[in-house]
Amino acid sequence: MANLPESRWKSRSKHDLIIEVWEALDCESVGATELEQIQQALLEKFGEGGLESPASIARTVADEGAVLRHPEVFELDFSWRERNGAKAIFQQGLDFSDLSSAFIATVKIEEMRLQLQADKETKGLKELRGIVLAARSESLLRARSKIIDEDQRRQAREISEWLNVWLQAPELFSDWLDLRRRSPEFQNRFPDYQNENSPA
């Protein structure tokens, strides 16, 4: 691994600095160690306000072609968020393991989003978005897993789509999800799923 030049970073934006540090690390894959080094560079260059979550950094370098060591990324991101105030959100029982649990979790996420929006909590909204991104990444990993059965993989694919819609258009999400869960395609694909939680 390359020695980092510390304070000699040339980048003027957080995004560019993340890429610059990643390139300086000259690593084949990115996991906890690399993410922590990038976080340290952000802290040194931009101060506390410049810090990004491990998941956010991982997405940035992945978009540039980095190979992520996903278990390390999730573990580091979870522990980082616990230390940085998101513990309460995780403890509210956000479970995306199956469709029924995911529906309850998305209702909670929407309630949190509306409350944070009303309170003009920009940092909280950004943090919530990071949590949803991490949940979607985890769902995508489960959807591709060879360890779990096909029904669970199918549910994980569906859940990742729900979360993707929330990320793209959160203000439309509730109506979209209601329509999605009532659609013939959804009901044919998931005949055992109970729709009694559907909003009126």
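Predicted model: local features only at pLDDT ≥ 70, side-chain atom pairs only at ≥ 80, totals over all residues.

Student: Okay, which helix is Val132 in?

Tutor: Val132 belongs to helix H7, which covers residues 122–144.

Student: Buried or exposed, that Val132?

Tutor: Val132 is buried, since its relative accessible area is 0% and the cut-off for buried is under 20%.

Student: And what does Val132 touch, sequence neighbours aside?

Tutor: Not counting residues up to four places away in sequence, Val132 touches Ile109, Leu163, Trp166 and Leu167. Ile109 is 23 residues away along the chain, and the two C-alpha atoms are separated by 8.4 Å.

Student: What else is Ile109 in contact with?

Tutor: Leaving out neighbours within four places in sequence, Ile109 contacts Leu94, Phe96, Leu128 and Trp166, along with Val132.

Student: How many residues does the largest nonpolar core have?

Tutor: The largest nonpolar core has 25 residues. Those with the most contacts inside it are Leu94, Phe96, Leu99, Ile109, Trp162, Trp166 and Tyr193.

Student: Which helices supply at least two residues each?

Tutor: H6, H7, H8 and H9 each supply at least two residues of this core. H6 gives the most to it, with 7 residues. There is also a second, separate core of 21 residues, with Trp22, Ala32, Ile38 and Ala41 among them.

Student: Switching topic: how do H8 and H9 cross?

Tutor: The axes of H8 and H9 cross at roughly 150° and come within 7 Å. Angles over 145 degrees count as roughly antiparallel, so H8 is roughly antiparallel to H9.

Student: Which residues make that contact?

Tutor: From H8 there are Glu158, Glu161, Trp162, Val165, Trp166, Leu167 and Gln168. H9 brings Pro170, Phe173, Trp176, Leu177, Arg180 and Arg181.

Student: How do the residues of the H8 contact with H9 divide by type?

Tutor: They divide into 8 nonpolar, 1 polar and 4 charged.

Student: Now electrostatics. How many salt bridges does a search of the whole structure find?

Tutor: The search finds 14 salt bridges. One of them joins the side chains of Glu110 and Arg113, at 2.7 Å from N to O.

Student: Where do Glu110 and Arg113 sit in their helix?

Tutor: Both are in helix H6 (residues 99–118), and because they are 3 residues apart, about one helical turn separates them. Glu110 is buried, with a relative accessible area of 8%, and Arg113 also counts as buried at 7% relative accessibility.

Student: What about Glu150 and Arg154?

Tutor: Glu150 forms a salt bridge with Arg154, with the closest N and O atoms 3.9 Å apart. In helix H8 (residues 150–168), the pair is 4 residues apart, so about one helical turn lies between them. Glu150 counts as partly exposed at 35% relative accessibility, and Arg154 is partly exposed too, with a relative accessible area of 27%.

Student: And the bridge between Arg182 and Asp178, how far is N to O there?

Tutor: It's 2.6 Å, N to O, between the two side chains. Arg182 and Asp178 lie 4 residues apart in helix H9 (residues 170–182), about one turn of the helix. Arg182 is partly exposed, with a relative accessible area of 41%, whereas Asp178 counts as buried at 16% relative accessibility.

Key:
Residues numbered from 1 in each chain as written. Heavy atoms only, no water. Buried < 20%, exposed > 50% of the residue type's maximum accessible area, 1.4 Å probe, protein only. Contact = heavy atoms within 4.5 Å. Salt bridge = Lys/Arg side-chain N within 4 Å of Asp/Glu carboxyl O. Axes fitted to C-alpha atoms, helices over the stretch in contact; angles between N-to-C directions. Parallel < 35°, antiparallel > 145°, perpendicular 65-115°, else oblique. Nonpolar A, V, L, I, M, F, W, Y, C, P; charged D, E, K, R; others polar. Core = buried A, V, L, I, M, F, W, Y, C linked by side-chain atoms within 4.5 Å.
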